[in-house]
Amino acid sequence: MLCLGMIFITSLTANGLMDDQNEPISSRMNLTVTQVNGNDYEISALVRARIDDRFTGLSGLEVTFFTYNEDEEKPLGTAVTNNKGIALIKVEDDQILSDTLDMVGFRASFDGNSEYDGSDDELEIIKAEMNINANEETDESGTKSRSVEVILTSQGNPIEEEYIYLYVKSMIRPLLIGEEETDEDGSVTFEFPTDLPGNMDGTIDFYAFIEDNADFGNVKTSLNKDWGIPRIEASPKVERSLSSPNPPLWLLISFIGLLVVIWGHYIEVVIRLFKLKKIT
Amino acid sequence: MKTKDLTTFQVSILKEFGNHVNKISRLEIACVFLLVVSILLGIWGLWKQITIGHGVTGMRDNIVWGHYISSFIYFIGVSYGGAILAAALYYFKIEWGKPIIRIATLMAFITGIIGPVFILLCIGRFDRLHYLFIYARVQSPITWDVMVISTYLVGITLFLYLLLIKDFSILSTTDVIKKPNWKQKIYQFLTIGYSGNDKQEALIDKSTRSVAFVIIPKVTLAFAVLSWIFGMTLRPGWHSTIFGPTFVISSIATSLALIIILMWFYRKWYGLKEFITDRQFEYLGYIMLFLIVIYGYFTFSEYITVWYSSGEWETAGMQKLFNLDEFGWAFHLSNFFGIVFPILIIGVRKLRTPNAITAMSLLLVVAIWVRRYLTVVPTLENTLLPMQETRPEYAEYTATMVEWFLVFAGASTFILFAILIPKIINIIPISSYKFKT
């Protein structure tokens, strides 16, 4: 009887009648804010859950974003998480609420559904400004040298001893040009290479970036300069060759010609056969 | 053509045909049964492959070709060889070749149908098969091969039909042999109004000659295209200018061997000694000797060049073939039974008998299949890039039961057709033998 009972209980568990698999799974949210060009904010919320002992991003969930200060809170908008579980919105400076100390509060919230419990996260950052200047000099021998100066301040005060990364946008991954620490003036200078390939018009998009700062969050500022080597447009006409989509002409003519001759002969023979009955 | 229009000799051939058409012996039934079982096992293997996937074969990431491609090039090569032989014998009106033309054409037709089936077995996505036509790339040898094989199959079917049309007419109208209704209807349908008058006969002869004439260069090109799939690939063991000629010569020799086997079998089983004489065996043997000697020279030339040049990858590939722990036994035995033994049997006058030539042909047929396998697999096992993160068991190819079943099913299909076709089509062309020669 005891064995039968154990079998019964096990089968109930296997059928899910007694386990807690039907209860919503608890989710977690991580909020990140990037200050962009001193005016805009990119707010992203990563929503994850522990599934099969791994944290997995949850897609298709609606996340609501808010800004707040000591007095009020107002919604900024909603976004749906992508296949990596990230929901992203961009807002301008005039949409956010800040306090007297230039502290900006952000909150994101997922209300939950039948599958996952709700979660939220909040973050307060201090506004920071990052200015980027590009300088080019030519020495007596005619050799060009380029440098990029980045100045990081907050509320008018320079921020020192902060690592700034300079990247160039490229097709697959950004190219890291340098990593420097700001001095007492909040300034850092990078030497910029002169042989980078640029866009079709020879321009380069680059940006300075500080990451995961406890006070400022992420800060990013970008610039576009004509410092790249222009990309030569590929010839619209694709040459005929073995390796191109257009085969060599002699090959095409031979191939089609042979097929036409042989199949033409077959058709002629078949037509003759059809006329066989009429021949007396 | 009515019986009264037939000569006495032709009537006697008909009667003989009637005897073996209407009788099915117990041995034939047993053979057919075994062959059908073999084919069914192949179908079971195919079902397994379709439902589970190509994982049931021995093909993996590195060795992507195995039994299927070996059998494909084998059967297609044999088909091409039979077609070129039949067309040449017909076009040049070789008198002693008369009884061989039909056997060769039938063999070419059957193997020409079986060969492409092996390619289809190798294809993982049947739903994308039409891409070969709609996204055909003219520069690709695969495209050439698809077009050439399709064109060839139409050509050989047309040639076979033209050879048979006169006999269909005889068979549909004669009352010398008793035929069931269904056979009568088939013969009548296939006659398409041919009644044997002079103009019709001239038209058929002219059409057959023109098709035979076109077959010779077309099949030569088809041979070349099939060999270029390998020859134009930058793989040591394949990328060789002599690959094509070696393939052509060995395939024609294999066709001859298969024709000899069929001739021996039909002569024995249907009592056709009057038509398939020792002379045909001897003459085909001479042609085979000539081809085998050239094949032996090409093989020797290929490997001595590789050995002398000491190229790293070419030598590694060659060592695989010569190493007795790897493919050495298969390589040496296939060369012995594919080159040395045939030269011995045909070259020595006392050994040059129909039975000996047939036995030698049987061994040659198997030896060349092994040679095709050795063309495909050892080269693929000789990787050009380091095989990182590859499972050790993927480094070598071993055929699975599924592949063996399908290979045997292909061979069984050929043998089954060889047994059943003479029940419908007379092996000796009645229309070609007006009088006893």
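In this predicted model, strands β4 (residues 62-68) and β7 (residues 103-110) of chain A run antiparallel and are joined by five bridges. Within this pairing, A:T64 lies opposite A:S109 of β7(A). Both strands belong to an open sheet of four strands in chain A, ordered β5-β4-β7-β8 with antiparallel pairing. Because β5 (73-80) and β8 (119-126) of chain A each have a single partner strand, they form the edges, and one side of each has no neighbour in the sheet. From one strand to the next, the twist averages 20°.

Chain B contains a helix crossing. The axes of α3 (residues 67-91) and α9 (residues 243-270) of chain B come within 7 Å and cross at roughly 75°. Since angles of 65 to 115 degrees count as roughly perpendicular, α3(B) and α9(B) are therefore roughly perpendicular to each other. The residues that meet include B:G77, B:G81 and B:G82 in α3(B), and B:S251, B:T254 and B:S255 in α9(B).

The contact between the chains draws 17 residues from chain A and 19 residues from chain B. On the side of chain B that touches chain A, α6 (141-173) and α8 (198-231) of chain B each supply at least two residues. The greatest contribution to that side comes from α8(B), with eight residues.

The table sets out the two contacts by residue class.

| Contact | Nonpolar | Polar | Charged |
|---|---|---|---|
| Side of chain B that touches chain A | nine residues | eight residues | two residues |

Terms used:
Residues are numbered from 1 along each chain as its sequence is written. Chains are lettered from A and ligands numbered from 1 in the order in which they are written. This is a predicted model: local features need pLDDT of at least 70, side-chain atom pairs count only at pLDDT 80 or more; totals for chains, interfaces and linings use all residues. Two strands pair if DSSP finds at least two bridges between them. Axes are lines fitted to C-alpha atoms, for helices over the stretch in contact, and angles run from 0 to 180 degrees between N-to-C directions. Two residues are in contact if their C-beta atoms, placed from the backbone, lie within 7 Å. Ala, Val, Leu, Ile, Met, Phe, Trp, Tyr, Cys and Pro count as nonpolar, Asp, Glu, Lys and Arg as charged, and the others, Gly among them, as polar. Angles under 35 degrees count as roughly parallel, over 145 as roughly antiparallel, 65 to 115 as roughly perpendicular and the rest as oblique.
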